[in-house]
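The following exercises concern one protein model, shown below.

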Amino acid sequence: MRWYVSIGAVLVAGVLAGGDVAGVAAPRAAVQPGHRLADKEATPSVDVELALAVDVSYSMDMDELAIQREGYAQALVSKEFLQALKTGPNGKIAVTYFEWAASSDQKIIIPWRVIDGPETADAVANEIMKTPIRRASRTSISGAINFAMPLFDENPHRGIRRVIDISGDGPNNNGGPVVQARDAALEKGIVINGLPIMVKEPSYSTMDIDNLDFYYEDCVIGGPGSFVVTIKDREKFKEAIRTKLLLEVAGRTPEHKVVPVAEKEPRVSCLIGEKIWQDRWGR
């Protein structure tokens, strides 16, 4: 079942109020020497493996890119995030942060790192902020998902949950169809959540679309408890990022406003980005 959540509504209440956390594992058993590889698969050492996939396509202006970068850094060191971290059975997560644009353009900014408290959170946040901001051409959500999937196999830290967190301000217009990439991730037990960015009026020049939130709900996200947090107000950009991370770290799903299940066809065509590109460039 997939969910939609408005920013602010669950910022602290509901996330930190207690209750069951989805997918809580059994208490860890003692690890015998020589069994570390097996332990990585058998006994989770972190509560979630979280791949943060951040859009840096040219449709994002420099101000949006800066706010997005600051939003993730500030969220990771926020009091609310650090409190949410403690709600899991292990009290720590593994996170990787990469930027994406075209199907062949992904750049890892933060390789897998464990966050287990203020010091490790500060270190990751500082590393995010010191990396120069860049922009690149095209928008390949499918490329971001395909890039993220093998990262989980390379992660030395086994999580109770595996989540790809995708932020973006437009539909897929490059690489393979987004639905195929999404379904491949779901087959591996990976959940995909979304942060559709809708702070500007749709523009032909940047290939924006109306109802990007519907597109993300029906074509991008998936897996148990998956959800979107839509940003429609630039002033609430950072708050939205924090809300989404709180939900993901605490392993909770919002209890209100279920996303309508798409019937035979999604509310927005999952190939709309490719169609716009072809209509404009003929390829």
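**Exercise 1. A helix and its cover**

Which residues of helix α6 (residues 178-187) are buried?

Solution. The model is a predicted one, in which local features require pLDDT of at least 70 and side-chain atom pairs count only at pLDDT 80 or more, while totals for chains, interfaces and linings use all residues. Residues are numbered from 1 along each chain as its sequence is written, and side-chain values use heavy atoms, with hydrogens and water left out.

Step 1. Helices are DSSP runs of H or I with at least four residues, strands are runs of E with at least two, and both are numbered from the N terminus. Buried means under 20% relative accessible area, exposed over 50%, and partly exposed in between (1.4 Å probe, protein chains only).

Step 2. By this criterion the buried residues of α6 are V178, A181, R182 and A185. Viewed down the axis of α6, they fall within an arc of 100°, so they line one face of the helix. The arc is taken from the directions from the helix axis to the C-beta atoms. An α-helix has 3.6 residues a turn, so residues three or four places apart point the same way.

Step 3. Q180 and E187 are exposed on the other side of α6.

Step 4. The cover of the buried residues includes α5 (141-154), β6 (191-196) and α7 (212-220); contact here means heavy atoms within 4.5 Å. Just after α6, G189 adopts a positive phi of about 80°.

**Exercise 2. A salt bridge between a helix and a strand**

Which elements does the salt bridge between E127 and R113 tie together?

Solution. Step 1. The closest N and O atoms of E127 and R113 are 2.6 Å apart.

Step 1. E127 lies in helix α4 (residues 118-130) and R113 in strand β4 (residues 106-115), so the pair ties together parts that are 14 residues apart in sequence.

Step 2. E127 is partly exposed at 22% relative accessibility, and R113 is partly exposed with a relative accessible area of 25%.

Step 3. Elsewhere, salt bridges that share partners join D61, D63, E64 and R234 into one network.

**Exercise 3. Charged residues in helices**

Is K244 buried or exposed, and which residues does K244 touch?

Solution. Step 1. K244 is found in helix α8 and is buried, with a relative accessible area of 0%.

Step 1. Leaving aside residues up to four places away in sequence, K244 touches Y72, D165, G194, L195, F227 and V229.

Step 2. E80, in helix α3 (residues 79-85), also counts as buried, at 18% relative accessibility. E80 and T243 are 163 residues apart in sequence, with a C-alpha to C-alpha distance of 9.2 Å.

**Exercise 4. The chain as a whole**

How many helices and strands does the protein chain have, and what percentage of its residues count as buried?

Solution. Step 1. The protein chain has nine helices and seven strands.

Step 1. Of its 283 residues, 52% count as buried.

Step 2. Among contacts with a separation of 6 or more, 82% are accounted for by residues 24 or more positions apart.

How values were computed:
A salt bridge is a side-chain nitrogen of Lys or Arg within 4 Å of a carboxyl oxygen of Asp or Glu.
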